Amino acid sequence: MEVNPPKQEHLLALKVMRLTKPTLFTNIPVTCEEKDLPGDLFNQLMRDDPSTVNGAEILMLGEMLTLPQNFGNIFLGETFSSYISVHNDSNQVVKDILVKAPCYSGEQEKASGSCLNRPYIFGRGDRRKQADLQTSSQRLNLSASNAAVAELKPDCCIDDVIHHEVKEIGTHILVCAVSYTTQGGEKMYFRKFFKFQVLKPLDVKTKFYNAESDLSSVTDEVFLEAQIQNITTSPMFMEKVSLEPSIMYNVAELNSVNQAGECVTTFGSRAYLQPMDTRQYLYCLKPKKEFAEKAGIIKGVTVIGKLDIVWKTNLGERGRLQTSQLQRMAPGYGDVRLSLEAIPDTVNLEEPFHITCKITNCSSERTMDLVLEMCNTSSIHWCGISGRQLGKLHPSSSLCLALTLLSSVQGLQSVSGLRLTDTFLKRTYEYDDIAQVCVVSSAIKVES
């Protein structure tokens, strides 16, 4: 009968620990009124408890710190720090120590078939201690020291601390493998696996709104609404939420107001985001002048920019996320676009007022020969000659046109009834609901 030899004890011990900050100790206050049976007993016990805050004993949050009791959660955008120690527990001198500690995402481990392809190494070879972190997209050097390690004496250890900003969610595996040579020349080898999950800390949703906010602009302003939800179990301090625009746009943040000459955030003095709470951020983007003047450039899918989000959790632990490039489908204006350069907000009933329109040939190849027709509606009446020739309009060029009209009905009226006909293609473009004006009685003085 064959007997397997007993398993040999290793001379080296490997310890891998995650480095995290402690948390504030919390307790459950138990109190009662003085007329109750216990009297002041419970209150006195809380006052004598060293973990409570002096003068605020009924608060759950104490003054003492608690060391981490488990591995805890790791969230995307945070920095993962780990302490790795190899200790010589024997009374022998160990040589040729080789330590490999790559970290893999779960999908990459399945694809590679091996967890030891990209090591971080102590000792022999180039005689330097280095740390490599292998992800699905890149290989990073995480070593904090380049000191040479020739041998490891009894009760001595090789220590290193590695840091990495986590940029992938899902299962990650840190594989620590140790090989060494004993005094007798025997080569030894062992390894340990450490699996952890990287979770998603925030849920970010975006919405785009197009607006005719600048009458002198050929292209609409774009309003971006970003909804950010804290999906962790602890509060977050939102240090920064900014939009980095693409080269085609300038951005203005609309998340603060001016009070007495000071810029005050609309979220109040405390920028904390409680678990499962959502906060909305608003930004206004305007095309830069060199792009706005070329009507065809902004058409179709355009890259707006990306959000940069920085937050802090308990005791100032920082996390950061950047979204991918945000894209939106710009509204199509066809071959011809009509926009307003000037229009009054309020006009008098049955009194002429003036508007200025800009007509743009959005085509990059074709010249147009345009005819303007003005059709009256039940409330808006155009003044002037309908069917007049506007002449030729070359590609990507525009012309300004002053028009006069009046309203026969009070209230908020919509300006409609303009028609542009391209005589080359015999194609008519209709423009209704161009803008709105408030029509008031002539007895009310209209401020200019």
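The following is a short exchange about how terms apply to this predicted model.

User: Why is Met188 called buried?

Analyst: Buried means under 20% relative accessible area, exposed over 50%, and partly exposed in between (1.4 Å probe, protein chains only). Met188 has 10% relative accessibility, so it counts as buried. Met188 sits in strand β13 (residues 187–199); a strand is a DSSP run of E with at least two residues, a helix one of H or I with at least four, both numbered from the N terminus. The C-alpha atoms of Met188 and Leu12 are 9.7 Å apart, although 176 residues separate the two in sequence.

User: Why is Glu350 called exposed?

Analyst: Glu350 has 56% relative accessibility and therefore counts as exposed. Glu350 belongs to the loop between β26 (346–348) and β27 (353–361). Its phi is positive, near 60 degrees, and Glu350 is a residue other than glycine.

User: What makes Lys426 count as exposed?

Analyst: The value for Lys426 is 69% relative accessibility, so Lys426 counts as exposed. The loop that holds Lys426 runs between β33 (418–422) and β34 (427–431). Lys426 also has a positive phi, about 55 degrees, without being a glycine.

User: Which residues of the largest pocket are closest to its centre, and how is its lining divided?

Analyst: A pocket is an open set of points on a 1 Å grid over the protein atoms alone, with protein on both sides within 12 Å along at least five of seven lines; lining residues have an atom within 4 Å of a point. The largest pocket holds about 700 Å³ of space. Of its 29 lining residues, the closest to the centre are Arg18, Thr20, Lys21, Asn73 and Glu317. The lining divides into nine nonpolar, 15 polar and five charged residues.

User: Where does pLDDT stay under 50?

Analyst: pLDDT is the predictor's confidence in each residue, from 0 to 100. Residues 109–132 stay under 50, and pLDDT is also below 50 over residues 213–218. Where pLDDT is low, the predicted coordinates should not be read in detail. For the protein chain the mean pLDDT is 77.

Technical notes:
Residues numbered from 1 in each chain as written. Predicted model: local features only at pLDDT ≥ 70, side-chain atom pairs only at ≥ 80, totals over all residues. Heavy atoms only, no water. Contact = heavy atoms within 4.5 Å. 1 Å grid on protein atoms, 1.4 Å probe; cavity = no way out; pocket = protein on both sides within 12 Å on 5 of 7 lines; lining within 4 Å. Points joined across faces, edges and corners; volume = space filled by probe spheres on them. Nonpolar A, V, L, I, M, F, W, Y, C, P; charged D, E, K, R; others polar.
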